[in-house]
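Biologist: Could you take me through the terms used for this structure, and set each one against the value behind it?

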Amino acid sequence: MTIKPDLDATIPDDLGSLHFVGIGGSGMSGIARLFLESGHRVTGSDVRHSANVDALRALGATIAIGHDAANVGDADTLVVTGALWQDNPEYRLALEKGIPVLHRSQALAWLINRKRLVAVAGAHGKTTSTGMIITGLLGLGEDPSFVNGGVIASLGKSSQAGSGELFVVEADESDGSFLLYDTAVALITNVDPDHLDHYGSLEAFEDAFVTFAREADEFVVVSSDDAGATHVHRRLQEVAPDKRVVTFGEADGADVRVHSIVTDGPVAFALSFRGREYTARLRVPGRHNAINAAGAFAVLTGLGFDPEATLSAIAEFGGTERRFELHGTVGGVSVYDDYAHHPTEVAAALAAARTVVGEGRIIAVHQPHLYSRTRLFAREFAETLETYADETVVLDVYGAREDPEPGVTGALVADRFEHPEHVAFIADWQAAADHTATIAREGDFVITLGCGDVYRIVPQLLESLRRVRE
């Protein structure tokens with residue numbers, strides 16, 4: 001069983017030296033980088049080597065591969081995630097020795113301190129929207145601090161300690177920790193049902209977003225298109241009728257209205273805002289990115305930046321790692337990786353791929369994430385994959401923080417395809433890579449999908465393609 005951090009615990013005034021358990025993760029590594037840049041001594045551990053581990057070591061962190069109580073050393077504070085298991089020896093030692101244990105969001109809240117916080121939350125689009133806001137601020141001459149859930153391609157990092165007053169974070173709603181922050185500006189990209197394993201019900205999930213929006217000191221930016229977000233907006237108006245709210249999306253009444261979207265290659269679009277029209281072409285594909293850009297635009301103009309300069313700065317966003325990221329092309333077959341792990345995200349990623357694949361086909365390699373999500377959304381995943389991909393290979397479930405559930409495997413998704421000839425459930429990764437290489441043709445896109453460790457199959461896919469096609 002995974003740990004349940006006490007998010008109500010008092011955060012010490014002085015954290016001293018910090019030990020991060022699972023330091024290589026996208027969120028943990030970004031926070032660890034900020035503590036290093038702030039002059040703290042940082043140690044950590046992870047189950048495997050990674051680029052994040054190497055980068056942190058280069059900055060001065062001491063990191064062990066593998067979990068062992070001895071790794072904690074003389075750390076003053078232990079930083080953990082909700083994905084950590086209760087029997088982790090480093091966590092157990094901290095409890096025995098009385099070392100304060102902080103959830104990563106508590107450590108981040110300590111770092112933010114008196115900065116003016118822009119927090120981005122939502123079931124999908126958080127990382128991209130956060131990256132667009134950060135890119136926009138930098139292009140506008142600002143020097144914000146930030147922590148994003150993915151590496152921003154143009155910067156080569158996911159976090160930075162800046163000298164300016166603004167601090168931008170991708171806020172994690174999965175376990176309610178996004179409510180810890182003293183938020184000035186809140187952006188809600190959408191409120192699609194997710195993380196019900198933590199919240200227990202859709203009502204509780206929406207309650208958290210209402211609280212997140214109500215507690216934003218300055219203003220809230222919220223989608224006008226997403227049904228869950230509009231419902232949260234209505235509820236917010238009931239409990240906080242004077243709250244300043246800016247809406248964005250394609251809906252006619254949106255304050256920042258997106259229209260004239262062209263998805264042939266990098267997406268182009270127009271924005272209607274305060275009686276004027278603005279146009280832009282992004283460096284990334286996909287209709288959903290036009291919507292994400294509108295949300296970022298609403299945040300930055302709400303902060304007082306010039307609309308035209310803001311849109312020009314946002315348009316320079318070049319994407320983040322694990323968001324439609326090209327890893328190689330073999331024999332005319334391109335292999336991409338994407339973090340999408342919810343039906344809505346999968347649909348957006350594959351729809352974006354469709355705009356640039358031309359006459360080629362899309363072969364999805366899908367790794368279901370969490371047993372509970374797979375059980376709840378198996379049919380939706382199947383419908384989405386069958387609609388947007390030409391062929392699908394389903395791997396087994398990446399359980400992350402959950403114990404296995406009897407009968408819940410990747411087959412649960414594959415068995416719900418209406419046309420089973422276009423899907424294969426293959427638990428063995430090498431067999432899955434070989435099968436994918438066999439069915440791929442010149443001009444096809446192969447796209448791995450999932451927020452677990454599915455990206456690690458990419459080298460096998462490329463090697464299998466070489467054997468088959470070269």
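Predicted model: local features only at pLDDT ≥ 70, side-chain atom pairs only at ≥ 80, totals over all residues.

Biologist: Why are α14 and α15 called oblique to each other?

Modeller: The axes of helix α14 (residues 429-439) and helix α15 (residues 458-469) come within 8 Å and cross at roughly 45°. Angles under 35 degrees would count as roughly parallel and those of 65 to 115 as roughly perpendicular, and α14 and α15 are therefore oblique.

Biologist: Which residues in α14 and α15 meet?

Modeller: Trp429, Gln430, Ala433, Asp434, Thr436 and Ala437 in α14 meet Gln460, Leu461, Ser464, Leu465, Arg467 and Val468 in α15. By class, this contact of α14 with α15 has 6 nonpolar, 4 polar and 2 charged residues.

Biologist: What makes α9 oblique to α10?

Modeller: Helix α9 (residues 287-302) and helix α10 (residues 307-314) have axes that come within 10 Å and cross at roughly 135°. Roughly antiparallel would need an angle over 145 degrees, and roughly perpendicular one of 65 to 115, so α9 is oblique to α10. The crossing of α9 and α10 is right-handed, and the residues of their contact divide into 7 nonpolar, 2 polar and no charged.

Biologist: How many cavities of 30 Å³ or more are there, and which residues line the second largest cavity?

Modeller: The count comes to 2 cavities of 30 Å³ or more. The second largest cavity holds about 30 Å³ of space and is lined by Phe178, Leu179, Tyr181, Thr183, Phe212 and Glu215, a lining with 4 nonpolar, 1 polar and 1 charged residues.

How values were computed: Residues numbered from 1 in each chain as written. Heavy atoms only, no water. 1 Å grid on protein atoms, 1.4 Å probe; cavity = no way out; pocket = protein on both sides within 12 Å on 5 of 7 lines; lining within 4 Å. Points joined across faces, edges and corners; volume = space filled by probe spheres on them. Nonpolar A, V, L, I, M, F, W, Y, C, P; charged D, E, K, R; others polar. Axes fitted to C-alpha atoms, helices over the stretch in contact; angles between N-to-C directions. Helix = DSSP H or I, 4+ residues; strand = E, 2+ residues; numbered from the N terminus. Contact = heavy atoms within 4.5 Å. Left-handed = near helix turned anticlockwise from the far one by under 90°.
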